[in-house]
Amino acid sequence: LPRPAWVREVILDRKAGRLSEEEADRLLDRAVESALLLQERAGVEEVTDGEWRRESYVKVFAERVRGFQPDLNPSGGLPYPAVVAPVEYYRPIAAEEVRFVRARTGRRVKATLPAPYIIGRRMWHPEHSKTAYPTREKLMADCVPVLRREIEAVRAAGADTVQLDEPWLSTLVDPRFREKEGVTDVRYVVER
């Protein structure tokens, strides 16, 4: 859900330490409540928090899972975290967001999580990551149990649907892209 500029500013201020987690949460709680009302008023049958608490749909994984260092990877021209140590679940990724939404609506609730391929695509770096993960595929494989645990947590928190966001996967249908990226076995990515 497109978010107002002020919501993005709150997230960036929280990241920079200009706002505490508690201060940011108070502001974002009100913003998410308005996003829910907007969706309900529009007649949306399955609502989300709009991902308004996240800096980005994929960076949230690095914020809530150990093993990442911020802003090391210039992926897509923007600074992204890079994995530098084995990944380890330590904080819910979206379960708290779902719990907040579930308490405020009678509609179906959808949770969104980044899928393993986009995590590997955006947050594996050949220089910074190879000690922990010699290949993107190794990182992607280790993301699966972390995501499985989070899927169980968001379902327990009240999500009716869990969507794994995987926008880069669609690029694999282009043989020129696969050749350029050195992807030789598409089945590996899809099956895991």
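I count Ala, Val, Leu, Ile, Met, Phe, Trp, Tyr, Cys and Pro as nonpolar, Asp, Glu, Lys and Arg as charged, and the others, Gly among them, as polar.

**Entry 1. Basis**

I worked on a predicted model, in which local features need pLDDT of at least 70 and side-chain atom pairs count only at pLDDT 80 or more, while totals for chains, interfaces and linings use all residues. I number residues from 1 along each chain as its sequence is written, and side-chain values use heavy atoms, with hydrogens and water left out.

**Entry 2. The cavity**

I searched a 1 Å grid over the protein atoms alone for cavities, meaning sets of points where a 1.4 Å probe fits but cannot get out. I joined grid points across faces, edges and corners, and I took a volume as the space filled by probe spheres set on the points. I found one cavity of 30 Å³ or more. The volume of the largest cavity is about 70 Å³.

I then listed its lining, that is, residues with an atom within 4 Å of a point. Thr 48, Asp 49, Glu 51, Arg 54, Ala 94, Glu 97, Val 98, Val 101, Val 109, Lys 110, Ala 111 and Thr 112 line the largest cavity. By class, I noted five nonpolar, two polar and five charged residues in this lining.

I took helices (H or I, at least four residues) and strands (E, at least two) as DSSP runs, numbered from the N terminus. α4 and β4 (108-114) each give at least two residues to the cavity lining. The largest share, four residues, belongs to β4.

**Entry 3. The pocket**

I treated a pocket as an open set with protein on both sides within 12 Å along at least five of seven lines. The largest pocket holds about 520 Å³ of space. Of its 21 lining residues, Arg 14, Glu 21, Glu 63, Arg 64 and Arg 91 are the closest to its centre. At least two lining residues come from each of α1 (5-16), α2 (21-41), α3 (59-64), β2 (65-73) and α4 (95-102). I recorded α3 as the source of the largest share, four residues. By class, the pocket lining has seven nonpolar, no polar and 14 charged residues.

**Entry 4. α4 against α6**

I looked up contacts, meaning heavy atoms within 4.5 Å. Ala 95, Val 98, Arg 99 and Arg 102 of α4 meet Glu 150, Ala 153, Val 154 and Ala 157 of α6. By class, I noted five nonpolar, no polar and three charged residues in this contact.
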